[in-house]
Amino acid sequence: MTTSSSRFRVAVDIGGTFTDIVFLDLDGRLHIKKVSSSVEDYARAIVDGLREVFDETGLGGRDVVEVLHGTTVASNALLELRGARTGLITTRGFRDVLEIRRLRMPKLYDLTWEKPPTLVERRLRMEVGERIDARGAVQQPLDDADVERALDRLLGQGIEALAVCLLNAWANPVHEERIKSIVHRRAPGLPLCISSEVLPEIKEYERTSTTVINTYVLPIVRRYLATLRTGLDGIAVRGPLLIMQSSGGLMTGDAAAARPMHIIESGPAAGVVGAQALAPRIGFAKLITFDMGGTTAKASIVEDGAISRATEYQVGGGIMHGSRLLTGSGYLLRVPAIDLAEVGAGGGSIVWRDAGGALQVGPRSAGASPGPLCYDLGGTEPTVTDANIVLGYLNPTALAGGAVKLNAARAHEIFQERVAEPLGLPLAEAAYGAHLIAASNMMRAIRAVSSERGRDPREYALFAFGGNGPLFAAGMARALEMTRVVVPPAPGLFSAFGLLYSEVEHHYVRTWRRPARGLDPADLAEAFGRLEAEARAQLAAEGFTGAAVRIARSVDCRYQGQSFELTVPVTAGASPEEAFGREHERTYGHRAGADEPVEIVSLRVVGQGLSDRPRVPERVNRPGGPDMAPRTPPPGGPETAPRIDRPGGPETAPRTPPAASRRAYFGPRAGWIVTPILTRGDLATPREGPAVVEEYDATCLVPPGARAKLDVYGNIVMEV
Amino acid sequence: MATRLSDPIGFELFKTTLLSIADEMALTILRTAYSGVLKDNMDYSTALCDAQGRTVAQGLTLPAHLSSFPDALAATIRRYGDRMRPGDVFALNDPFEGGMHLPDVFILKPIFHEGRRVAFAATICHQTDMGGRVAGSNASDSTEIFQEGLRIPPVKMYDAGEPNETLFRLLEKNVRMPVRVFGDMRAQLAACHIAEEAFARLIAKHGVGQVSAYMEEILDYTERLTRAALAELPDGEWSFTDWIDDDGIDFGAPIPLTVALKKHGDQMTADWTGTSAQVKGAINNTLSFTRAATYTCLKSILPHEILCNAGFYRAIEVIAPPGTIANAVPPAACAARGLTGFRMVDTVFGALAQMLPDRVIAASEGGNTGVTIGGYHADRTPFIFVEFICSAWGGRPWADGLDGNANLFANMSLPSAEVTETEQPLEILCCELIPDVGGPGRYRGGMSIRRAYRLTEDEAVLQVRADRHTFRPYGLYGGGPGKPSRNRLIADGRERELTAKITMTMRRGDVFIHDQPGPGGWGDPLERDPLRVLRDVANELVSLASARDDYGVVIDASALVVDEAATARRRAELRAARGWATPPVISR
């Protein structure tokens with residue numbers, strides 16, 4: 001790893017506590033660096049981390065082709081309410097749209113429900129006189145004096161950014177544009193977003209909320225990206241900085257600074273993109289991804305090479321309240337995002353007995369602090385990780401190659417006292433029950449993306465990553481009658497790898513309501529042309545032109561009278577009406593008669609900038625041979641791991657050799673079985689379960705009756 | 001009732017699976033339904049019931065449908081008993097034989113194993129139209145059930161898998177939008193089908209005997225949780241009366257709703273004896289709807305993990321004499337009974353507030369207001385606009401009532417003004433919070449919503465079902481009542497006040513303005529933190545006058561600061577002037 005002629009792509013994935021840095025050279029060699037995130041200044045941790053790698057390896061900034069980045073900066077600003085002091089200008093009579101929301105709440109029978117605090121307090125929401133009708137005609141001209149007055153009052157109250165969302169601006173942006181010019185004149189430099197540019201889509205609440213979120217996080221994101229760019233320049237990294245979007249595509253730092261609404265769910269997206277990229281190579285057309293860490297578990301779907309996307313989601317409302325039926329819990333953002341189902345279950349979830357005598361797992365979590373009992377950091381309640389210790393699934397002495405010492409006796413003792421005894425069960429049975437119930441809770445996330453969407457999970461392979469995913473995957477797959485489980489190399493670091501597979505991509509949408517029948521193709525082409533021009537201009541600014549640009553068009557349609565739409569691709573030859581009928585049949589199992597009118601609601605364009613070479617080599621070689629595990633935090637709570645600063649490279653660091661075997665419990669029928677403890681490399685020869693594969697960053701459980709082997713790419717493939 | 005679980009782990013896994021089947025049924029309807037009532041308001045429910053028709057697991061959907069399935073299944077079993085066969089599907093909507101009101105159509109499917117009935121998949125959906133004299137079958141001014149639409153007693157919709165052509169053809173001729181209604185019914189059938197398959201997998205895994213045993217255990221477990229929670233509450237009897245202004249037919253004749261809650265040990269009874277006789281207007285309840293309102297309140301004050309099933313119902317008895325508005329008999333009209341349900345929630349909370357002062361909220365906005373504007377375009381094609389608005393919560397013993405939020409009893413959404421404007425000859429002129437409308441309190445009532453509509457067609461009929469015009473939402477423990485509801489019409493440049501319940505003609509350019517009533521406040525407003533009052537004033541939710549006269553907080557308007565000395569004086573003045581030393585439990 002010392003040849004200075006090497007050309008590296010660098011992926012940087014920021015988590016709450018750790019920043020993972022992955023170097024991949026163009027021959028497929030991979031190097032890993034893990035540093036503590038500096039919460040006050042995430043950019044500094046990245047630059048310091050890179051500099052350390054350069055020092056250790058003799059590489060320099062000139063060797064870095066590009067920096068790919070997944071970040072939680074925008075979502076943290078939103079969730080911790082640390083965004084800009086934002087003002088809002090809106091049409092008279094509609095001051096409270098942001099606060100009234102859709103009215104519905106995400107909980108039933110709960111008198112303690114509170115709405116999330118509104119991002120713009122009422123005193124900072126100003127009304128102006130104007131009116132545009134639903135067809136876009138100006139009914140009442142904009143009152144300039146009103147705008148000046150509103151602006152003065154807002155500036156007087158110290159706003160740092162301004163959002164504008166007028167009624168029916170989706171149909172005609174003229175008044176918003178006029179306000180923009182007044183603001184530019186009166187308050188040059190004030191960050192400003194107008195809804196007709198941010199999201200020219202019908203529905204005032206959705207458009208206002210999206211515009212406000214974009215405005216609210218814009219100054220912080222812009223500052224962060226500027227600092228990062230300066231830092232990179234300072235260590236001579238000249239390659240472009242590309243940011244992961246919630247949709248799974250990349251965008252340049254400049255684009256992200258203008259539309260930070262696209263990078264809110266940057267973090268969890270990359271792992272799904274990685275799974276999508278690996279799917280065809282490993283021969284699975286249909287995957288359900290399962291990502292489990294210390295506090296949450298997330299599932300998503302990859303099918304026929306495509307990621308499943310939602311057109312809107314609630315930021316901060318991602319944890320399911322038992323199901324997906326109830327929405328309204330977070331901040332509504334109407335931009336495309338990878339469709340993830342999330343449950344609040346992880347290694348830190350607390351195990352307890354309810355008043356009716358049933359065993360429960362979660363939703364409370366011991367989190368990073370105090371963490372599970374076995375970490376001996378002051379935790380007093382048994383967790384899922386403690387159950388896994390009792391069961392012999394996790395190494396009882398230490399995790400992370402010895403970096404985290406464990407107190408298994410404490411886990412046994414308190415689990416016995418708090419769970420097993422009150423239930424009247426033997427310790428092992430109680431722990432096994434907790435393991436099963438945790439799995440059952442997480443299966444709801446898998447069902448949410450499969451059976452609840454009319455898809456049969458049995459047709460899918462389960463692709464498991466995150467620190468805890470591989471420990472639960474086989475059991476969950478069995479319960480759902482799925483037959484295959486895939487665990488990629490370095491599962492605890494998989495999100496950072498995913499960044500390496502992503503492409504530059506931009507999504508555009510515009511409301512365009514017309515009956516589908518009797519549509520003038522020239523009209524449609526013209527409307528699409530305008531969106532496409534926007535996409536091409538953006539991509540050109542990012543260096544993609546000609547054959548490097550790929551454009552996809554689609555339309556949102558519905559039967560007239562329906563209150564929801566389906567997105568269907570627009571292809572030469574097929575009418576949107578026919579394509580919609582087919583999609584309706586596929587999704588809902590039926591279509592209406594031919595005389596039922598179909599309505600187009602919105603047009604969508606996706607523009608991709610294709611890099612001129614494969615993003616990732618066919619095969620990735622990790623130095624040290626196939627059995628070498630990259631260094632990541634332990635399962636059960638990466639947050640509690642100590643700082644680990646080790647460069648990648650030939651395997652030199654001391655490792656605790658895994659014990660050859662230990663007893664593990666597999667339920668009342670199978671009982672305790674002496675279970676071999678393996679390294680990933682041991683699976684070069686296929687093995688029957690039970691077995692435990694211990695790696696630095698994760699532990700993979702192969703239960704009795706399952707069969708595990710390595711494929712040529714180093715993935716563990718289990719038949720369960 | 002068993003006292004403990006034989007297998008706490010297997011039980012929990014089974015319970016989670018069964019609940020997820022009920023939720024998956026609900027998601028199937030959400031995914032496949034046509035109409036906005038189902039998609040946006042989730043005005044539907046799903047459940048898995050045992051062979052006797054007892055609800056075991058209900059999907060998380062609409063509180064107003066709690067406990068609707070037992071009556072529907074009992075009526076179906078009464079009529080068909082042992083004559084049910086695999087492949088049968090039953091439908092009904094008759095309020096006097098298992099139903100609730102005509103738009104709510106039940107579709108029920110018995111599930112068989114080796115020829116024996118082992119369970120029911122049950123669904124109820126609010127259909128877009130069931131015929132009758134007014135589109136939507138929802139009119140509040142019908143005076144007998146026969147005006148309200150097509151009545152369906154429990155009948156076979158499918159007979160051993162064969163569709164009942166007679167029923168489908170009758171439906172097609174009697175409902176206004178058969179394509180949409182059949183689309184939504186297909187969604188109900190799909191949900192039943194999903195449940196049947198999932199249930200078969202459960203039996204394959206556990207065996208039919210174990211599945212039945214687990215279902216029985218879920219009911220016992222829920223009953224145990226419910227009784228344990230009830231046992232912790234004080235024993236005694238508390239009663240309360242609230243009023244509906246009138247039924248819209250007999251104008252100005254108040255309708256009392258009275259409940260007595262009797263709690264002894266681990267059992268509770270809600271007795272509605274003393275409640276008004278049934279009325280002419282279409283706001284009469286079935287007993288099942290009265291139960292739904294009662295259970296909604298109790299579920300809100302009991303631990304969240306208690307499930308909505310027959311085990312919960314066992315511990316809480318609901319009594320309502322036949323012939324009352326709480327348990328109507330034919331030929332009562334029922335379509336708009338939602339209003340009575342909302343007021344019953346206020347009534348039960350009024351009684352509970354005496355029993356549990358620190359757990360119960362003051363009266364909310366009184367439930368939704370129904371606004372219907374319908375007529376014909378110039379080309380004689382019809383238009384109909386229907387919207388239900390709810391608004392805000394009463395003050396809580398620990399926090400302000402929510403501003404601009406759905407009602408606890410019906411978690412409905414608010415349609416987008418922009419979408420309405422593209423689809424209807426209407427312009428929405430405002431959708432905003434009304435300052436000062438919530439009752440003052442240490443924790444004030446939430447601020448309710450004002451909506452205004454301008455007609456852009458020549459003529460339309462405006463129908464409004466509002467209430468809380470005479471009887472305002474009450475405040476608790478010193479909190480004041482909310483402001484009454486208000487209807488106004490601006491025509492020819494002149495504004496005039498209207499009654500709460502309206503049927504009238506609107507002309508092009510006329511503007512109808514509705515103010516929802518304000519929720520009540522909780523606790524003595526003179527004890528409200530002056531800084532919270534200041535914040536409300538800065539946000540223009542509370543006026544300077546209300547700050548001074550209701551809260552005794554004097555604010556310097558230009559600097560936006562509290563004048564502390566003047567505030568202390570003003571509060572002393574107000575304290576001396578009012579007639580009480582300890583705050584009244586109820587203010588209205």
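## A tour of chains A and B

Select strand S36 (residues 707-710) of chain A: A:Ala708 and A:Leu710 lie on its covered face, while A:Arg707 and A:Lys709 lie on the uncovered one. This is a predicted model, in which local features need pLDDT of at least 70, side-chain atom pairs count only at pLDDT 80 or more, and totals for chains, interfaces and linings use all residues. Residues are numbered from 1 along each chain as its sequence is written, and chains are lettered from A and ligands numbered from 1 in the order in which they are written. Strands (E, at least two residues) and helices (H or I, at least four) are DSSP runs, numbered from the N terminus.

**Around S36 of chain A**

Two strands pair if DSSP finds at least two bridges between them. A:Ala708 is opposite A:Met718 in S37(A). Five residues separate S36(A) and S37(A) in a hairpin, and A:Gly714 in the turn has a positive phi of about 90 degrees. Now show strand S33 (residues 687-688) of chain A, which is antiparallel to S36(A) and joined to it by two bridges. Here A:Glu688 has A:Arg707 in S36(A) as its bridge partner.

**A:Val487**

Go to A:Val487, in strand S26 (residues 484-487) of chain A. A:Val487 counts as buried because it has 29 C-beta neighbours inside 10 Å. A residue is buried if 20 or more other C-beta atoms lie within 10 Å of its own, exposed if 12 or fewer, and partly exposed in between, with C-beta atoms placed from the backbone. Leaving out residues up to four places away in sequence, A:Val487 touches A:Ala464, A:Pro470, A:Ala473, A:Cys700, A:Asn715 and A:Ile716. Two residues are in contact if their C-beta atoms, placed from the backbone, lie within 7 Å. Zoom out to all of chain A: 54% of its 720 residues are buried, and the chain has 17 helices and 37 strands.

**The side of chain B that touches chain A**

Select the contact between the chains, which takes 66 residues from chain B and 58 residues from chain A. Helix H1 (8-32) of chain B gives the largest share of the chain B side, 14 residues. By class, that side has 31 nonpolar, 16 polar and 19 charged residues. Ala, Val, Leu, Ile, Met, Phe, Trp, Tyr, Cys and Pro count as nonpolar, Asp, Glu, Lys and Arg as charged, and the others, Gly among them, as polar.

**H7 and H9 of chain B**

H7 also gives residues to that side of chain B. Select helix H7 (residues 287-301) and helix H9 (residues 338-355) of chain B, whose axes come within 9 Å and cross at roughly 45 degrees. Axes are lines fitted to C-alpha atoms, for helices over the stretch in contact, and angles run from 0 to 180 degrees between N-to-C directions. H7(B) and H9(B) are therefore oblique to each other; angles under 35 degrees count as roughly parallel, over 145 as roughly antiparallel, 65 to 115 as roughly perpendicular and the rest as oblique. Residues that meet include B:Phe289 and B:Ile301 in H7(B), and B:Met344 and B:Leu352 in H9(B).

**The sheet in chain B**

Finish on the open antiparallel sheet of five strands in chain B, ordered S14-S15-S21-S18-S19. Strand S14 (426-433) and strand S19 (494-498) each have a single partner strand, so one side of each lacks a neighbour in the sheet. S14(B) pairs with strand S15 (residues 449-455) over seven bridges, and B:Ile428 is opposite B:Tyr453 in S15(B).
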